[in-house]
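Here is a short briefing on one protein chain. Look at the sequence and the structure first, then read the points.

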Amino acid sequence: MSSSATLSPAIALFDLDHTLVPFDSGMAWFRFLVGRGEVRPALADDYLARCMDYVAGRATATQLHDFVAQSFRDLAPDRLQVLQRKFAAAVAADIPQAAHRLVAYHVGQGHRCCIVTATNRFVASALAHALGVGTLLATEFETEDGRFTGRLAGAVCHGGEKIARVERWLHGQDLQWNTIGHSVFYSDSASDLPLLQKVHRPVVVRPDPRLREHARTHGWHIADTLEALRLDRH
């Protein structure tokens, strides 16, 4: 390998839900709130119904995350900080060891690691911290005077928006796609096809049917569990 190739930066990008973790982190958050008596019990069911509408094509990603944003509006900032810490402690136990090994592998290789997720920053940051990933690109919620307004701040970090977010992150490091020596992205969802098609090494984990078919057609690596990944190939 040439010295220039050795010095070329490499990035490892990770989707969160059903990729690094085998569950929906939004649902984990709502169930946590319900379990602690912080919100009405039906809220988790309402969220699940909206997720099903999204999967079925009856709702957009923006509509789904609008619902989540509105649920934050009535929770006081001080209480939210306490709940976030407790949620982080509770959910850490549900992160598979294989996810920790995957992140540790890329960190050990000197790769710049980043979680790129449609999940909101408040919830996703608890998982990113537990996984030891310092860079998080996520859906943002608007705040005023330290309190959530119940509105989105910009576009949902979803589909082609993920490419825009990654490119802004790279720009902040004086990097572009053509100056990266290697890039890999792990995802479970066909909604991530734009970013999967952008990287050097797309890896699909627990793929939905549409993504599985696309991956088979294009010869992408498919893993039905994180444990099945051969890390030395990524």
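The points below cover a sheet, aromatic rings and one histidine.

This is a predicted model: local features need pLDDT of at least 70, side-chain atom pairs count only at pLDDT 80 or more, and totals for chains, interfaces and linings use all residues. Residues are numbered from 1 along each chain as its sequence is written, and side-chain values use heavy atoms, with hydrogens and water left out.

- Six strands make an open sheet with parallel pairing, in the order 3-2-1-6-7-8.
- Strand 3 (136-139) and strand 8 (221-223) are the edge strands, and each pairs on one side only.
- Strands are DSSP runs of E with at least two residues, helices are runs of H or I with at least four, and both are numbered from the N terminus.
- Two strands pair if DSSP finds at least two bridges between them.
- Strand 2 (residues 112-120) is joined to strand 3 by three bridges.
- Val 116 has Leu 137 in strand 3 as its bridge partner.

**Aromatic rings**
- Rings of Phe, Tyr and Trp (its six-membered ring) pair if their centres lie within 6.5 Å; planes under 30 degrees apart count as stacked, over 60 as edge-to-face and the rest as tilted.
- This rule gives 13 aromatic pairs.
- Trp 29 and Phe 72 are stacked, because their centres are 5.8 Å apart and their planes lie at 15 degrees.
- Both Trp 29 and Phe 72 are buried (under 20% relative accessible area; exposed is over 50%, partly exposed in between; 1.4 Å probe, protein chains only).

**Histidine**
- His 106 lies in helix 6 (residues 97-108).
- His 106 is buried, with a relative accessible area of 0%.
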